[in-house]
Amino acid sequence: MKIYYFASLKEALKMSSEEITLSANMTVAQLREKLVDKHGERHFPENILCAVNQEIAHDNMIVNGTDEVAFYPPVTGG
């Protein structure tokens, strides 16, 4: 599966995307934990946003190898 990174997350990881191998029936929360193990918790805090197939995804959503998954930090404004 290809995972895309945006904004400050892309800059911090020094990559815009990467390929990973998924386990069967993996949820967004489990995928995030896998990425935390690989890159560190500071890059994937609880409030990080995830989109699956260009729709905001909740932690319990199941992802598969054909989905497009993106992570990006929450947007703030002022």
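Visitor: At what angle to β1 does helix α2 run?
Guide: This is a predicted model, in which local features need pLDDT of at least 70, side-chain atom pairs count only at pLDDT 80 or more, and totals for chains, interfaces and linings use all residues. Residues are numbered from 1 along each chain as its sequence is written, and side-chain values use heavy atoms, leaving out hydrogens and water. Angles run from 0 to 180 degrees between N-to-C directions of axes fitted to C-alpha atoms, for helices over the stretch in contact (heavy atoms within 4.5 Å). Helix α2 (residues 28-39) lies across β1, β2, β4 (49-52) and β7 (69-72), and its angle to β1 is about 75°.

Visitor: Which are the edge strands of the open sheet of 5 strands?
Guide: Helices (H or I, at least four residues) and strands (E, at least two) are DSSP runs numbered from the N terminus, and strands pair if DSSP finds at least two bridges between them. The order is β2-β1-β7-β4-β5, with mixed pairing. Those that pair on one side only are β2 (17-19) and β5 (55-56).

Visitor: Is Thr27 buried or exposed?
Guide: Thr27 belongs to strand β3 (residues 26-27). Apart from neighbours within four places in sequence, Thr27 touches Asp59, Asn60, Met61 and Ile62. Buried means under 20% relative accessible area, exposed over 50%, partly exposed in between (1.4 Å probe, protein chains only). With a relative accessible area of 15%, Thr27 is buried.

Visitor: What share of the 78 residues counts as buried?
Guide: The protein chain has 2 helices and 7 strands. Of its 78 residues, the buried share is 35%.
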